[in-house]
Amino acid sequence: MTNHTTAAETNLKEWATATGASTDEVAAAWHDLVRRGLAAESTGQITLSPLALRRATSDTQRRLAAHLSGYLLTENSFIVRRAGSPPGPPGLPCILNTRIAVEQIASYFKDGWGVTEIERDLPILTREEIEAAIQYYLNHRAEIEQDLRRSRELYETNAPKPEMSPV
């Protein structure tokens, strides 16, 4: 009988280091993701469902799914950044498994919108995700305000200008 080691088993120590969890915790998280059909391994290739991040049932699962998907988690497990290529910076903070940037939620919040109104306007998001984005904004106000200014400047530079009509 031969001892066959899978790619996942080979990578457990690396994944544990990347996620800040123990090897046993990462192994349990991986096996649960596989059991639930959110992750798979075939011929040495690891695949992850796009739903794995949203359906993770523990912080370790969420961190593992984020790592395998190429995201960098923040201190809030609902807020991620697309991993940048070193030495480049990581991407804008976004809500997990969406393209919705924290700055968009911050803009709503600054305009006086409550969680319920944001939830109504962006039904793809859960209440917890919206609250996490608002909390991230409040904890990183200077960074998000800079992102908002940069986005506004980009819009003003590239937005179509009204035609000047002769009088």
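Asp32 is a residue of helix H2 in this predicted model, where helices (H or I, at least four residues) and strands (E, at least two) are DSSP runs numbered from the N terminus. Asp32 counts as buried because its relative accessible area is 17%, buried meaning under 20%, exposed over 50% and partly exposed in between (1.4 Å probe, protein chains only). Leaving out residues up to four places away in sequence, Asp32 touches Thr57 and Gln61, a contact being heavy atoms within 4.5 Å.

A nonpolar core is here a set of buried Ala, Val, Leu, Ile, Met, Phe, Trp, Tyr and Cys residues joined through side-chain atoms within 4.5 Å. This core holds 20 residues, and those touching the most other members are Trp15, Val26, Trp30, Leu33, Leu53 and Leu64. At least two core residues come from each of helices H1 (7-19), H2 (23-35), H3 (52-55) and H4 (59-69). For Trp15, with neighbours within four places in sequence set aside, the contacts are Ala8, Val26, Trp30, Ile46, Leu64, His67 and Leu68.

Ile46, one of the contacts of Trp15, sits in strand S2, opposite Glu41. Strands S1 (residues 39-42) and S2 (residues 45-48) are paired antiparallel through four bridges; pairing requires that DSSP find at least two bridges between two strands. The two strands make a hairpin with two residues between them, and Thr43 in the turn has a positive phi of about 45°.

What about the protein as a whole? Its secondary structure consists of eight helices and five strands, arranged along the sequence as α-α-β-β-α-α-β-β-β-α-α-α-α. The radius of gyration is 20 Å, whereas a compact globule of 167 residues would have one near 15 Å (taken over C-alpha atoms; the globule rule is 2.2 Å times the number of residues to the power 0.38). The C-alpha trace spans about 90 × 35 × 25 Å along its principal axes. Buried residues make up 35% of the 167. Among contacts with a separation of 6 or more, 43% link residues 24 or more positions apart.

Residues are numbered from 1 along each chain as its sequence is written. Local features need pLDDT of at least 70 and side-chain atom pairs count only at pLDDT 80 or more, while totals for chains, interfaces and linings use all residues, and side-chain values use heavy atoms, with hydrogens and water left out.
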